[in-house]
Amino acid sequence: MTFALALIVSSIVAIIIISLYGIAVRPNLVKKIICLGIFSDIINVAVILLGYRAVERPLPPVLTDYSQKGVEELVKGAVDPLPQALTITAIVIGLAITVLMAYGAIHIQRKYGTVDVRKLARWEE
């Protein structure tokens, strides 16, 4: 494992731990939503990193030369397209979920006057 790859992996792990801390410990709903967004984004980065191939010149997963040699080059040097497809799907779904959570936080703020989970837990109708 090269130094650059070790640095990238350790950064991903550190950001995952920090975002999980923010989700679990922070009482503010807006901060929880932000930490959940960061967690989702760093997981997407990790999935893209898993699909990367450590070849000298990685190729996009597009077949341009329809000969036997072109197919062999594509198989040897192309990155995996599945993590890219899964990541773009996760980005779209994550955006929709984040908007829904923000909408909920706005309505909680309007109804109860706070987004602090500790105060909301003690709230009686």
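Modeller: Helix α4 has 32 residues and reaches 46 Å from its first C-alpha to its last, close to the 46 Å expected at 1.5 Å a residue. A helix here is a DSSP run of H or I with at least four residues, numbered from the N terminus, and its expected span is 1.5 Å times one less than its number of residues. The model is predicted, so local features need pLDDT of at least 70 and side-chain atom pairs pLDDT 80 or more, whereas totals for chains, interfaces and linings use all residues. Residues are numbered from 1 along each chain as its sequence is written, and side-chain values use heavy atoms, without hydrogens and water.

At the N-terminal end, D80 caps α4, with a side-chain oxygen 3.4 Å from the backbone nitrogen of L82. After α4 comes G113, whose phi is positive, near 80°.

The buried residues of α4 are P83, T87 and A105; buried means under 20% relative accessible area, with a 1.4 Å probe and protein chains only. They pack against α2 (29-51). Contact means heavy atoms within 4.5 Å.

T87, in α4 (residues 81-112), counts as buried because its relative accessible area is 7%. Leaving aside residues up to four places away in sequence, T87 touches N44, V47 and I48. A polar atom of the T87 side chain also lies 2.6 Å from the backbone oxygen of P83. A polar contact is a pair of N or O atoms within 3.5 Å; within protein, one must be able to donate a hydrogen and the other to accept it, and residues adjacent in sequence count only if both atoms are side-chain atoms.

Technical notes:
Helix = DSSP H or I, 4+ residues; strand = E, 2+ residues; numbered from the N terminus. Buried < 20%, exposed > 50% of the residue type's maximum accessible area, 1.4 Å probe, protein only.
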